[in-house]
Amino acid sequence: MIPKVFREVIDLGDGRSISLETGKLAKQAHGSVVVQMGKAMLLCTVVSNYKQSDVDFLPLTVDYREKFAAAGKYPGGFFKREARPSDAEVLTMRLIDRVLRPLFPKDYHAETQVMVQLMSHDEDVMPDALAGLAASAAIQLSDLPFETPISEARVARINGEFVINPTRAQLAESDIDMMIGASAESVMMVEGEMDEISEEEMADAIKFAHESIKVQCAAQVKLAEAFGKKETREYAVADENEELAEKINGLAYDKCYAIAAKGTSKVERTDAFAEVKEEVKAAFTEEELEEYGDLVGKYFNKAQKEAVRELTLAEGLRLDGRKTTEIRPIWCEVDYLPSTHGSSVFTRGETQALATVTLGTSRDANIIDSPTNEGEERFYLHYNFPPFCTGEARPLRGTSRREVGHGNLAQRALKGMVPDDCPYTVRVVSEVLESNGSSSMATVCAGTMAMMDAGVQMTKPVSGIAMGLISDGDRYAVLSDILGDEDHLGDMDFKVTGTADGITACQMDIKVKGLSYEILVNALKQARDGRLHILDKITETIAQPNEDVKSHSPKMITKRIPNEFIGALIGPGGKNIQELQKVTGCTIVINEDPVTEEGIVEILGTGSEGIEQVLAKIDSITFKPVKGDTYKVKVIKMLDFGAVVEYLDAPGNEVLLHVSEIAWERTENVSDVINMGDEFEVKYFGTDPKTRKEKVSRKALLEKPEGYVARPPRDNSKGRDNRGRDNRRDDRKPREKRD
């Protein structure tokens, strides 16, 4: 018997709808929901241990997976099962996590797992836009302590009109692709890419998405009430001691304020704050520290945070002595690495990124093969964040989710400035060498310079900046180019990238509730001033892309050939193309244009001589003489009835020069007129209708001898093939009609 199902429908207002359903699947999970839009179905479950973990943070794991069976596909690779998550799945996990995590109580430390799985795919539905809604709905159906329902929605703009949760085809026509995460009251997360839009346009897109999110949050509340809202579970609340907090605040606040006001470096500040912390600990007995040890550290960090924030709000000063709008000192360098195709170093304060560019063919494209998307990226960026960049020693555990997310943000910032006619596959790698505030934005700046150094003809240079916010409700300060500490102590981390003409990408996490759109727009405008300042520093170092790639970099030539010549160029079993690559030292890749069905030949080589050899070979293979034109040829073989000649403009293309076309006089021996290796011109007459072979003539370009008389044409009326057939009786009946 199928259990009772509870269902709530969300109308998107354009004929589409989203349904939330619970009660049928995964009932042992603490909360479960099926979210459906069209034929796309996501199952989300949430489970949280009832025992608190021995950590001082929330051990939350968010997992998002797209099942290949959902789209009727097999997983790639030798083992036909889903393995580690793709970058696209990791990015969706981050989108969910960043909105959910701040809404759990700060003292809730139970191991919690949210799992979202795509079980059925619809080509007209992008499931990542539904994942945040599914996660929040599952939590609403559980007994987990959670502040308020949230949801996420993608917003696009097509022909000036905003669209919620567009299809992939619609997204291709849009100049905005943003994911917004919010509760009914506040926007909490923004991430996306744009086609150089203004700050006001971005704010309008966020407002539009927020209105749809409010409806989705209300639907979750209705579903939970219909299902039976569970009582929020009780958990062991962390001990608090107000008397201890006041004592530590009195001991530490003023000293921390004074240290913050000195404007020292990261290392100096860290050491100074550590000394104050030790002085605070010294004010307690060993017995008191044993009893209140964790609380002492907690209350000291709280006093330090309050002091730093108050310094900024009251005096407009920051930890390193800057004013709120001031950018740290910047120095840049290009062509730093001698063997790479392009390189740059970008240093801003205590943050440094070294970027490299590698140029390749379409064979080097990043292949995307997921249940919901197939294709390739001809431009992609990888970001590495080694532990030494923050002065730490820890084991490397592969690419982290943070590295995937920061690399994706930088890639989205830059990819719109790579022209469509760029012949190369371009890979940018950013190695973060120092980090104290927004290494992802340093990656954008370093990536811009490295590509211009490599000779990639970027449409416009791009810069990026990380903004912060400190607010106590009545006062607020927007901070340009935030430090790592300001990210931790502040209320907003807002990364914005763009050209001189508009925004190309953004990533925002807001920790304060009810951020007004006025503050948001002010922050965006202040970010623009900072971006333009950084852009000036970039263009001082390299004003525009180098006209050509470096001498040791591969040169790319693209040539189109008719479809019928592709096989001849490749040869049997790839023999011809492999031999050509070996001889010339070039890489040759052949693709087929799906529209024209022409062959697109990519020739990649460091030497122009090798490239010219390949082009000459292609010209030779695709050579088609034009009827009536004259061509220079060379004799390569002597025959009794003529000579085989080769077109000098197309080596390898041969044609028979018949003995009758060598000269006007009768030629008894071919060698009497021409010899091996002779070069001369011939006229091309196309295909002879009698012999069905190509016909060329040498004599057609020579003057007729004086008194020359052409031989009369043969009279076929007296030929042996006639046999008097014209005298046959016409009155004979056909054979089949005789009596």
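# A walk through the model, stop by stop

Start by selecting helix H1, where Asp87, Val90, Leu91, Met93 and Arg94 meet Arg401, Arg402, Val404, Gly405, His406 and Asn408 of helix H8; contact here means heavy atoms within 4.5 Å. Helices (H or I, at least four residues) and strands (E, at least two) are DSSP runs, numbered from the N terminus.

Before moving on, some ground rules. This is a predicted model, with local features needing pLDDT of at least 70 and side-chain atom pairs counting only at pLDDT 80 or more, while totals for chains, interfaces and linings use all residues. Residues are numbered from 1 along each chain as its sequence is written, and side-chain values use heavy atoms, with hydrogens and water left out.

**Stop 1: H1 against H8**

Show residues 87-100 (H1) and 401-415 (H8): the two pack at an angle of about 95 degrees, with axes 9 Å apart. Axes are lines fitted to C-alpha atoms, for helices over the stretch in contact, and angles run from 0 to 180 degrees between N-to-C directions. H1 and H8 are therefore roughly perpendicular, a label for angles of 65 to 115 degrees.

**Stop 2: the eight-stranded sheet**

Next, colour the strands S8-S7-S9-S10-S21-S20-S18-S19, which form an open, antiparallel sheet in that order. Two strands pair if DSSP finds at least two bridges between them. S8 (161-164) and S19 (476-480) are at the edges with a single partner strand each, so one side of each has no neighbour in the sheet. On average, neighbouring strands are turned by 20 degrees against each other, direction ignored.

Zoom in on S9 (residues 176-183) and S10 (residues 187-197), antiparallel strands joined by seven bridges. Pick Ala182 and you'll find Val187 of S10 opposite.

**Stop 3: the nonpolar cores**

Which residues touch the most other members of the largest nonpolar core? Select Met178, Met202, Val426, Met451 and Phe494, out of 84 residues in that core. H9 gives the most to this core, with 10 residues. A nonpolar core is a set of buried Ala, Val, Leu, Ile, Met, Phe, Trp, Tyr and Cys residues joined through side-chain atoms within 4.5 Å. Buried means under 20% relative accessible area, exposed over 50%, and partly exposed in between (1.4 Å probe, protein chains only).

Another core, of 49 residues, lies apart from it, with Tyr108, Leu133, Ala137 and Ala219 among them.

**Stop 4: Cys44**

Jump to Cys44 in strand S4 (residues 40-52). Is Cys44 buried or exposed? It is buried, with a relative accessible area of 0%. Leaving out residues up to four places away in sequence, Cys44 touches residues including Val33, Val116 and Ala138.

**Stop 5: a hairpin and one more sheet**

Select S23 (residues 587-592) and S24 (residues 599-605), an antiparallel pair with six bridges. Asn591 has Ile600 in S24 as its bridge partner. Six residues sit between the strands of this hairpin, where Glu597 takes a positive phi near 65 degrees.

Finish at the open, antiparallel sheet of five strands, ordered S27-S26-S25-S28-S29. Its edge strands, S27 (654-658) and S29 (694-697), each pair on one side only. Here neighbouring strands are turned by 50 degrees against each other on average, direction ignored.

Terms used. Parallel < 35°, antiparallel > 145°, perpendicular 65-115°, else oblique.
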